[in-house]
Amino acid sequence: MSPRAGPRIAVALMVAALALFPWTGDVLDTRWPTSYELRLVIRAMILAIVVIGLNILVGFAGLVSLGQAALMGLGGHVAALLALRADFPFAAAMVFAVALPAMMGAVLAFPTVRVRPLYLTVITIAFGFVFVNVLREWVGFTGGASGLASIPRPTILGEPLMAVRRTGFNLYYLIVLCLLLALWVQWALARSRYGRAMRASSQSENASRALGINIVAIRTLAFAISAGFAGLGGGLFANLALFINYETFTFSASIELLLMTILGGSGTLAGPLVGTTVLFTASQALQGLHEWQTFAYGLLLVLVLFLMPQGIVGGLAALRRRLAGRGMAERRTGAWPNFVPGFDAVASERDAAGQATLITRDLTLRFGGLTAVNRVGMEVASGTVHALIGPNGAGKSSVLNVVSGFYRATSGQVSLFGETLAGRAPHQLARAGVARSFQNTELFATMTVLENVLVGCHSRYRAGFFATILRTPRFRAEERGMLAEARMLLEVVGLTGFAEEQARNLPFGHQRRLEIARALAPRPKLLLLDEPAAGLTHGEIEELVALIRGLADRGMTVILVEHHVEMIMAVSDRVTVLDHGEVIADGPPAQVQADPRVIEAYFGRGAAQGMPAAAAHADVPA
Amino acid sequence: MEAVIQYLLTGLSVGSVYAMMGLGFYVMWSAAKAVNFTYGDIFMLGAVLTVVLMDIGIGLLPAALLAILASAAGAAAIERGFVRPFNREANAIGWMLTTIAVGTMLESSTTALFGSNPRMLPSPLAQEPIRLGGAGIYPQELLLPAALVVVTAALELFYRRTLLGRAMRAVAYNRTAAGLVGIDADRITLIAFALAGVLGALAGVLIGPVVQASSTMGAIIGLKGFMVAIIAGIANARGVVIAGLLYGVTEKFIEGYLSTAARDAIGFTLMVLLLLLFPQGLFGKKEFSKV
């Protein structure tokens, strides 16, 4: 059985069960299910739609909303009011019931997620309170506590929608369809660059930005989608009950939705269905607890978080992984660099030979009173390896961070690829052709090795959001191409055997390799490596040198921050030496190595006098 | 004119509560880069426990003191049991969920045990309103801004002059480095949450006689305290105090000139707009994150 068969069979069984459920009575010759049970199943399906949306937010993007019930209520009230007050047909009202909450979601997300994900949670709680408050007080518009009653029965093409035998349970089947649609979107998202970017941004903001992901945009998108699903659920709810008021959409309802997400297993595809089913069933039992019911939800949430933080589905998957992991063959680490035939394409975006890829003039960076970088001018020619060295605290990494957009220069100019790119954000520079690695490797820890590289391809996709969700042939061809290229890059760094392994499980040296493979995935023109040799063995460093030379020979420009002198001498075309934020030497490696000021910076005064190369300048009194 | 004075005075009074709650969030956030999300329930416990203790015959002041200490102990227990184990990684969100869950449990169990009806918290300062330029106000309400001034000054002194306070600032600045010089960052964080608990419960006790004690009194006020801290720029104590007072006064004017129903909707919208204009908060500096 292929590994994908399991989920497919499960989905087929679920669809069959849902399709047959209303007719169970005829088959078994009983009066079950009655309209009451039918209604319970419908309500559970509606909740599942909302929970799927919340799962995209919590499980993929790592954001928490506690206003999800209010967004559902917004969708419900939009649908109800448009039908009641404006005579909108069902389908048109539903479009607005999805679109308005989605827009509201974007409005709430944009100002908050760009500062701190936490703020989104606070704002969503506030939105929830205000929403209920407005509905309760604005009696003339929303009916206050008595709500909006006698919502006209929904129709499609004149056919009334009801969950009864006479209409063939058409409303029931419509809601089944919506649930399947939600599952499809969730699945398509998870297996696309959007889902990967969401997960990446929740695991390492810096690495995501360095790979061209606009974190604010991707998080806003995640919340808009999640709010849209909440609105869809709300709209269906209003059209099922034909009555709506604020009491269904309070804060504790939001907690219940969150509990369903976590209980099922946030981030898993089946989690929302399992969590909704389990908790919805339990809540029918818990209703007898009256005022202690909310308490029970709180307690349950705490227990789940302590005992199975990955939820039911996540916990089972982890268990299965552990069982399957036993007796598995040792993974083979390939030799690297392995410049496979297709590799030249990675450097195909290179600058014209002889052009200056990077020029800085008077580049200065201050943190308060501390000047980290002082009037640095350097020029990096395209297709060369340019080393940036200096003692600790000399400002090397700061220069790298300015060039990649993470720090904003206090003054001075930076021009990249012949353009002045001052003040651009890291993701914009990444899209312009800058890639980087980090001093402390920043991998997407719980994503697989292959997914890590695929995130690197993010900015090269051309298929838009809807093409991706619909999985058009064009999108699928593109996805296949990226997948092939990601596998090729893994082959180059010898990690093919580890493709499906979670990045956090890799040994340290392999993590460094993966980070370089990921940095190459956007096909950069300029690659910044921040101490790539730190922690590597002697043999690994030699392999790294071969890789860097191979990149430069193919036309890529590499800036290397490194301490390892032997490596610098072996790999660099030119070396710039920084000390206390200033350039003290610049030139070919051999010349810089002999420079007395460099020796002094590294070994202190006096040391320089003992060095034979510096003897000619030794007449300066000590 | 009378109305203006009235709104101003009551606004400063309720604003002091928001400011104290905001300070509590500031204290927790600085130490832990996490907060007790349902800090409003600590505020609620301050008032409710005072009422309960007075029921069994304890006088107002000792009851208030005991209630504040008990709430602070509860706040510390929440840190130890529900924040610390879920705040181990950089982008952890577990503490958010656990504290929300605990808050729900606190609020619903209080409703079940204490009753769902608000109860009087009798105070001699909330019997007879006094007249100030035509505006009527309870002395109890004037006590709040006074308490805020004392609390703010004491907090400032604590952070600057005491060893413990300096250790707390060190932990806020760099947890690892603080650990390297021998500061027990975990213990400091626990104390910070207890300190925030004192602030929150004190605010609850002080406003209790004006708004009555109930299990649900904390939710909205906790939320507003949090929003005030965010708007101010969560790492700036003075900013939090100013923003809290401003928000309280603004709210009273909206209430007076428009309606009570519009108050939270407008206040909330204002906050979102301010965050849109000042992502780092009104008084916050651009945060520098090392790459």
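**View 1. Chain A as a whole.** Of the 622 residues in chain A, 55% are buried (under 20% relative accessible area with a 1.4 Å probe, protein chains only; exposed is over 50%, and partly exposed lies in between). This is a predicted model, where local features need pLDDT of at least 70 and side-chain atom pairs count only at pLDDT 80 or more, while totals for chains, interfaces and linings use all residues. Residues are numbered from 1 along each chain as its sequence is written, chains are lettered from A and ligands numbered from 1 in the order in which they are written, and side-chain values use heavy atoms, with hydrogens and water left out. Chain A has 26 helices and twelve strands (DSSP runs numbered from the N terminus: H or I of at least four residues for helices, E of at least two for strands). Its C-alpha trace spans about 105 × 55 × 45 Å along the principal axes. Take the contacts in chain A with a separation of 6 or more: 74% of them come from residues 24 or more positions apart (contact means heavy atoms within 4.5 Å).

**View 2. Where chain A meets chain B.** Chain A brings 47 residues to the contact and chain B brings 42 residues. About 3900 Å² is buried between the two chains, with carbon and sulfur atoms giving 81% of that area (buried area is the accessible area, 1.4 Å probe, that two parts lose on being put together, summed over both). Salt bridges between chain A and chain B number zero (a salt bridge puts a side-chain nitrogen of Lys or Arg within 4 Å of a carboxyl oxygen of Asp or Glu). There are four residue pairs in polar contact between the chains, both residues at pLDDT 80 or more (a pair of N or O atoms within 3.5 Å; within protein, one must be able to donate a hydrogen and the other to accept it, and residues adjacent in sequence count only if both atoms are side-chain atoms). On the side of chain A that touches chain B, the elements giving two or more residues are α5 (90-113), α6 (117-137), α9 (193-203), α12 (251-264) and α14 (292-307) of chain A. The most comes from α6(A), with 13 residues. That side divides into 32 nonpolar, ten polar and five charged residues (Ala, Val, Leu, Ile, Met, Phe, Trp, Tyr, Cys and Pro count as nonpolar, Asp, Glu, Lys and Arg as charged, and the others, Gly among them, as polar).

**View 3. An open sheet in chain A.** Four strands line up in the order β4-β3-β6-β7 of chain A, with antiparallel pairing (two strands pair if DSSP finds at least two bridges between them). β4 (370-381) and β7 (419-420) of chain A stand at the edges with a single partner strand each, so one side of each has no neighbour in the sheet. Eight bridges join β3(A) to β4(A), and A:L363 has A:V376 in β4(A) as its bridge partner.

View 4. Strands β11 (residues 574-579) and β12 (residues 582-587) of chain A run antiparallel and are joined by five bridges. A:T576 stands opposite A:D586 in β12(A). Two residues separate the strands of this hairpin, and A:H580 in the turn has a positive phi of about 50°.

View 5. A:R554 and A:D344 form a salt bridge, their closest N and O atoms 2.6 Å apart. The partners are 210 residues apart: A:R554 is in the loop between α22 (538-553) and β10 (557-561) of chain A, and A:D344 is in the loop between α15 and β3 of chain A. A:R554 is partly exposed at 23% relative accessibility, and A:D344 is partly exposed at 45%. The loop between α15 (311-325) and β3 (356-367) of chain A also holds A:P337, and the peptide bond from A:W336 to A:P337 is cis, with omega near -10°.

**View 6. Salt bridges in chain B.** B:R119 and B:D55 meet in a salt bridge at 2.8 Å, N to O. B:R119 sits in the loop between α4 (94-114) and β1 (130-132) of chain B, 64 residues apart from B:D55 in helix α2 of chain B. Another salt bridge joins B:R263 and B:E255, with the closest N and O atoms 3.0 Å apart. B:R263 is buried at 18% relative accessible area, whereas B:E255 is partly exposed at 23%. Salt bridges with shared partners tie B:K224, B:E251, B:K252, B:E255, B:R263 and B:D264 into one network.
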